[in-house]
Amino acid sequence: MTIDTYPPATMLGAAAADLAAGVLPSVVQVRGRGRGHGSGVVWRDGATVMTNFHVVDGLGDALEVLTLDNRSLPARLIAGNPRLDLALLAVEGGDLPPATLGDSARLRVGDLVFAVGNPWGQRGVVTAGIVSGLGDLERQHGEERATYIRSDVRLAPGNSGGPLINAQAEMIGINAMIFGGDLSVAIPSHVALGWAGRIPAM
Amino acid sequence: MSDTLSAADLLGAISAQMADAVARAAAAMVQVRGRPRQPASGLVYTADLVLTADHVIERDEDLSVETPDGRALAAQLVGRDPASDLAMLRVADLGVGPAAFAEIPARVGQIVLAVGRPLSGGPMASLGIVSALGGPLRSRRGAVLEQFIQTDATPYPGFSGGPLADSQGTVVGVLTTGLAGGAALAVPAALARRVADSLAGQGYVKRGFLGISSQPVELPEGQRAGLSQASGLLVVRVEPGSPAAAGGMILGDVLVSFDGHAVADTDDLQALLVGERVGRAVPAQVIRGGALANLSITVGQRG
């Protein structure tokens, strides 16, 4: 498709649909024994899943991830960091397609972003918006300041742990929180990458 | 290099354009501190003037702005217009280029960015479209805003006084949540400029009055004095000595047009009692005794 043969909005629709179709297989639903639904994104080696710590906190050892093609795979917690709200899971028999990592340090306010996840347990939902803000955000409970990506993509409970994707179909964040109903907050992928790099080899 | 654009490139191009638009709008914006809680936003209007929202300036003294490069500067209040929820500040040594205002009106469906500077350290933005164009709107203190833009872009706390910008970063309206119960509205660029020029020139906006009480009435067919309009304003009181009284308006008249514009309700009339008409003799048409009468009323200026 080229812009001289199709109107821009038609092109935009097609491009966004292609992006969603390409990213969806890398997004899983994370759950405990029949309860607790969050999202996760297939990490670099295809055998691990990155999600939020608060998604798996309290779910115990019996975790599972549900893939787009409806395979339920047992998973276990490798490492978790409540301060960063990140957790890494090992997935048994994992041969899942990992998300392509982008450079979250190069984001600009106004950049187009897409969130993929399972809001209210509904599988594989994609929402679009822009980067609304970058920079420090005061954390509750006196936690140290950390940099977050704020965006106006629509999130709901169940989106937590799912990826925030840029216009190049690269993952640039892990969706983590919603403020005031309309401000979504994601942990930058470079923060997740740095943390994952410090986890001792399994 | 091909001059065609693939679908995948398009997303990247749109993303870059919107980030550029935010950067352009944000370059002409300051943070405005005029209330105890959340700072708000302001648009640089000229070399030493900043246009902001009236309702975020809760005090007349101890005002300040923060420039995009992080300088905190003292600001003086030049004037306020509660009807449009706009206020003007004067800031010495501002050193920030003025915002570009759109020359053509916003259209419903147009892609827009709400941009604000509620935090130090960088702008914030949200994406949406122009949802509706409306007006007149009865706002605070019974004043009437002639036109407004409604958007579904999210106005985050502190966005009031910032731009609703198009995809080039040009200002199509000045954002405010202070006009209608927190709804995301914007004062259209042309109207905002008119108000801003009045505030810059004389510190207030001329709003006129006639000195009547009135209520909208249906005009039954056969009692329209040959006009097509189905309603008008029944005059139920004329203040003695008022502009309307001086112009010959009497109890029982039904006002049907003012300065050539049809008047069907009180908001229509309020929207006409502004700007150049204030202090000028304006033609008015009333239905009196089943016939059309032409009056000339010199619009009074509200103190």
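Predicted model: local features only at pLDDT ≥ 70, side-chain atom pairs only at ≥ 80, totals over all residues.
Colleague: How do you know what span is expected for α2(B)?

Modeller: The expected span is 1.5 Å times one less than the number of residues. With 14 residues, α2(B) reaches 20 Å from its first C-alpha to its last, which is close to the expected 20 Å. After α2(B) comes B:Gly203, with a positive phi near 85°.

Colleague: Which residues of α2(B) are buried, and what do they pack against?

Modeller: The buried residues are B:Ala189, B:Leu191, B:Ala192, B:Val195, B:Ala196, B:Ser198 and B:Leu199. They pack against β2, β3, β5, β6, β13 (171-176) and β14 (185-188) of chain B.

Colleague: Let us turn to the contact between the chains. How many residues does each chain give?

Modeller: Chain B contributes 25 residues and chain A contributes 27 residues. On the side of chain B that touches chain A, the elements giving two or more residues are α1 (7-27) and β8 (124-134) of chain B. The most comes from α1(B), with 11 residues. By class, that side of chain B has 17 nonpolar, 8 polar and no charged residues.

Colleague: Why are α1(A) and α1(B) called roughly perpendicular?

Modeller: The axes of helix α1 (residues 8-23) of chain A and α1(B) cross at roughly 100° and come within 8 Å. Angles of 65 to 115 degrees count as roughly perpendicular, and the two helices are therefore described in that way.

Colleague: Which residues meet where α1(A) and α1(B) are in contact?

Modeller: From α1(A), the residues are A:Met11, A:Leu12, A:Ala14, A:Ala15, A:Ala16, A:Asp18 and A:Leu19; from α1(B), they are B:Ala7, B:Ala8, B:Leu10, B:Leu11 and B:Ile14. This contact has 11 nonpolar, no polar and 1 charged residues.

Colleague: How many helices and strands does chain A have?

Modeller: Chain A has 3 helices and 12 strands. Of its 202 residues, 45% are buried. Among contacts in chain A between residues at least 6 apart in sequence, 62% join residues at least 24 apart.

Colleague: Why is A:Gly40 called buried?

Modeller: A residue is buried if 20 or more other C-beta atoms lie within 10 Å of its own. A:Gly40 has 34 such atoms within 10 Å, so it is buried. A:Gly40 lies in strand β2 (residues 37-42) of chain A. Apart from neighbours within four places in sequence, A:Gly40 is in contact with A:Val28, A:Val30, A:Val49, A:Met50, A:Thr51, A:Val65, A:Leu89 and A:Gly161.

Terms used. Residues numbered from 1 in each chain as written. Chains lettered and ligands numbered in written order. Contact = placed C-beta atoms within 7 Å. Helix = DSSP H or I, 4+ residues; strand = E, 2+ residues; numbered from the N terminus. Nonpolar A, V, L, I, M, F, W, Y, C, P; charged D, E, K, R; others polar. Buried ≥ 20, exposed ≤ 12 C-beta atoms within 10 Å, placed from the backbone. Axes fitted to C-alpha atoms, helices over the stretch in contact; angles between N-to-C directions. Parallel < 35°, antiparallel > 145°, perpendicular 65-115°, else oblique.
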